[in-house]
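Please keep the sequence and the structure in view while reading.

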Amino acid sequence: MDVMSAMDDEERIEGNEAPREEHRSEGRFVRNHADKGSRARFSLGRAFSCAWEGIAYTTRTQRNMKIHFAVGAAAVILGFALAIDPPSWAAIAICIAVVLAAECFNTALESVVDLVSPGYAELAKHAKDCAAGAVLVCALGAVAVAAAVFVPRLLALIS
């Protein structure tokens, strides 16, 4: 974040115009107070574009997101190999989506905590640990569902 984009609401209210970000690429930007106040339309296409950018950022910067994608892909491949039924597919798809979403939330929370607490703070540590713990809970739940879906089918193949 540059200094100009860090201008707080009070400075804008006193008559200063909202800063213009020269580094806005391809017309994309994060809405700030001035953008919202001008009632500028934020198109549905732009909203989806921002969402994809968030997923891409998480994938690019977080090792665990890459691991979650790999495990999710392995579950899909195993699902096809074992010809699982539609309810099992639904359970696997929901688990994959929940774990990926949890990792995105974790990354967003970590980014915000780093922004507002650049130095070490015990509460910042707790916030990050809780977010990481939530991802772990989701991943363990997904492992339990995968075991319920895949283990009986794998045992049937072995026997």
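This is a predicted model: local features need pLDDT of at least 70, side-chain atom pairs count only at pLDDT 80 or more; totals for chains, interfaces and linings use all residues.

Asp114 has a relative accessible area of 42%, so it counts as partly exposed. Asp114 is found in helix α5. Between the C-alpha atoms of Asp114 and Lys128 there are 9.5 Å, although 14 residues separate the two along the chain.

**Confidence**

- The average pLDDT of the chain is 85, and 78% of the residues score at least 70.
- Residues 1-26 have a pLDDT below 50, and this stretch makes 21 contacts in the model beyond near neighbours in sequence.

**Overall make-up**

- The chain contains 6 helices and 0 strands, in the order α-α-α-α-α-α along the sequence.
- Of its 159 residues, 21% count as buried.
- Among contacts in the chain with a separation of 6 or more, 53% are between residues 24 or more positions apart.

**Helix α5**

- Helix α5 covers residues 86-116.
- With 1.5 Å for each residue, the 31 residues of α5 should span 45 Å, and this agrees with the 45 Å between its end C-alpha atoms.
- Which residues of α5 are buried? They are Ser88, Ile92, Cys95, Val99, Leu100, Ala102, Glu103, Asn106, Thr107 and Val113.
- The cover over these buried residues includes α3, α4 (63-81) and α6 (122-158).

**Packing of α3 with α5**

- Two packed helices are described by the angle between their axes and the distance between the axes.
- Helix α3 (residues 44-61) packs against α5 at an angle of about 85°, and the axes are 10 Å apart.
- The two helices, α3 and α5, are therefore roughly perpendicular to each other.
- On the α3 side the contact involves Ile55, Tyr57 and Thr58, and on the α5 side Glu103, Cys104, Thr107 and Ser111.
- By class, the residues of this contact of α3 with α5 are 3 nonpolar, 3 polar and 1 charged.

**Packing of α3 with α4**

- The axes of α3 and α4 cross at roughly 100° and come within 5 Å.
- This angle makes α3 roughly perpendicular to α4.
- Thr58, Thr59, Arg60 and Thr61 of α3 meet Arg63, Met65, Lys66 and Phe69 of α4.
- The contact of α3 with α4 is made up of 2 nonpolar, 3 polar and 3 charged residues.
- Thr58 takes part in the contact with α4 and also in the contact with α5.

**The loop between α3 and α4**

- Gln62 sits in the loop between α3 and α4.
- Is Gln62 buried or exposed? Its relative accessible area is 19%, so Gln62 counts as buried, the cut-off being under 20%.
- Apart from neighbours within four places in sequence, Gln62 is in contact with Glu103, Thr107 and Glu110.
- Of these partners, Glu103 and Thr107 are listed among the buried residues of α5 and also meet α3.

**The loop between α4 and α5**

- Ala83 lies in the loop between α4 and α5.
- Most residues other than glycine have a negative phi.
- Ala83 is not a glycine, yet its phi is positive, at about 50°.
- Its relative accessibility is 61%, so Ala83 counts as exposed.

Technical notes
Residues are numbered from 1 along each chain as its sequence is written. Side-chain values use heavy atoms; hydrogens and water are left out. Axes are lines fitted to C-alpha atoms, for helices over the stretch in contact, and angles run from 0 to 180 degrees between N-to-C directions. Helices (H or I, at least four residues) and strands (E, at least two) are DSSP runs, numbered from the N terminus. Angles under 35 degrees count as roughly parallel, over 145 as roughly antiparallel, 65 to 115 as roughly perpendicular and the rest as oblique. Contact means heavy atoms within 4.5 Å. Ala, Val, Leu, Ile, Met, Phe, Trp, Tyr, Cys and Pro count as nonpolar, Asp, Glu, Lys and Arg as charged, and the others, Gly among them, as polar. The expected span of a helix is 1.5 Å times one less than its number of residues. Buried means under 20% relative accessible area, exposed over 50%, partly exposed in between (1.4 Å probe, protein chains only). pLDDT is the predictor's confidence in each residue, from 0 to 100.
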